[in-house]
Structure formats: C-alpha cells, structure tokens
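Please open the structure in the viewer and display the chain as a cartoon.

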Amino acid sequence: MVDESSAIVDWAAFSRTRSELGPGFVRILGYFREDGEKSVAKIEDAMHRRDATALVIPAHTLKTEARQFGAEPLGALAEEIEFTARRSIEMRVFPDELVPAVAKLRPLYSQTMALFEKETNPLVERRPAFGRAGAHNQNFGRL
C-alpha cells in the first residue's frame, strides 16, 4: 500500500533535514509553521489587493522553507506563484491566472503542516520507517 502522505511530503528529505538540524529541528519546524502561515496570509492579501509585487517575497520564502522540509508540492506551488508574479511585474500586468494556485495554497499548507505535526508529535503512533517493517524488529525491546 502506498503512503498517501508521500504525495505531499518527501519523507526521505524530511528525515535528512531532521538529522541535519538535530536538537534544533523542532524549533526550526516551528519557525516554518509561523513563517509559512504569514507567507500564505501575505500571498492571499496580495491577491485580494491585486499587488503582484507583494506576492514575490512571501512566495519565495514559502518555496525555500517548504523544500527544506521535503514539502515539494507546496514548494512547487509557491514557486509557480513567485515566478508568475515576477513575470507579470515585468509585463506590467496583474497575474489573474494565479487565482486557482492561490486558492490551493492554504489547503495544501494546512495538509502539509498536519502531516509534519503527526510525524513529530511524540504522542502519535508513527508510520513504519522505510526498511524497518520486518517482524524481527517488532519484538525488539520486549525481552
């Protein structure tokens, strides 16, 4: 059975970042949660105000941080918003074509953060780690 969360989070990249950041991981993930929420709100606000320039920085920030944690679909959506906004600024038009992308942004961000929370919450049962589902590991520590 394929883990549906893998379509939203590259768990190998998430694990690499977790290992690289060590004890600071939870704190930095918390920063991403705060920054991500602010970025999404700023993008939505910029769309409502029809301000293409105001789309660029929060989309860039969201793209970079999402990819750091393996949230590739979120990063790709933010990149689409960023690059389309940059192009529209050069052309001096507002990127109305971004309305569907921005509409998808908050639900994808929320879904991504829920998966991160589930993965990092010590009270939640973990999904089996890749390559460790063997029966010999299930009884480890029960001697």
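Which residues in H2 meet which residues in H3? Select Ile28, Phe32, Asp35, Gly36, Ser39, Val40, Lys42, Ile43, Ala46, Met47 and Arg49 in H2, which meet Ala54, Leu55, Pro58, Ala59, Thr61, Leu62, Glu65, Ala66 and Gln68 in H3; contact means heavy atoms within 4.5 Å. By class, this contact has 12 nonpolar, 4 polar and 4 charged residues.

This is a predicted model, in which local features need pLDDT of at least 70 and side-chain atom pairs count only at pLDDT 80 or more, while totals for chains, interfaces and linings use all residues. Residues are numbered from 1 along each chain as its sequence is written, and side-chain values use heavy atoms, without hydrogens and water.

Next, show H2 (residues 25-49) and H3 (residues 53-68) as whole helices: they pack at an angle of about 150°, with axes 8 Å apart. The two are therefore roughly antiparallel to each other (an angle over 145 degrees).

Then select Phe32, Leu55, Leu62, Leu74, Ile81, Leu105 and Phe116, the residues with the most contacts inside the largest nonpolar core, which has 34 residues. Such a core is a set of buried Ala, Val, Leu, Ile, Met, Phe, Trp, Tyr and Cys residues (under 20% relative accessible area, 1.4 Å probe) joined through side-chain atoms within 4.5 Å. H5 gives the most to this core, with 8 residues.

Centre the view on Ile81. Beyond its neighbours within four places in sequence, Ile81 is in contact with Ile43, Leu55, Ala59, Leu98, Ala101, Val102 and Leu105.

Finally, return to the whole chain: buried residues make up 37% of its 143 residues.

Note on methods:
Axes are lines fitted to C-alpha atoms, for helices over the stretch in contact, and angles run from 0 to 180 degrees between N-to-C directions. Helices (H or I, at least four residues) and strands (E, at least two) are DSSP runs, numbered from the N terminus. Angles under 35 degrees count as roughly parallel, over 145 as roughly antiparallel, 65 to 115 as roughly perpendicular and the rest as oblique. Ala, Val, Leu, Ile, Met, Phe, Trp, Tyr, Cys and Pro count as nonpolar, Asp, Glu, Lys and Arg as charged, and the others, Gly among them, as polar. Buried means under 20% relative accessible area, exposed over 50%, partly exposed in between (1.4 Å probe, protein chains only).
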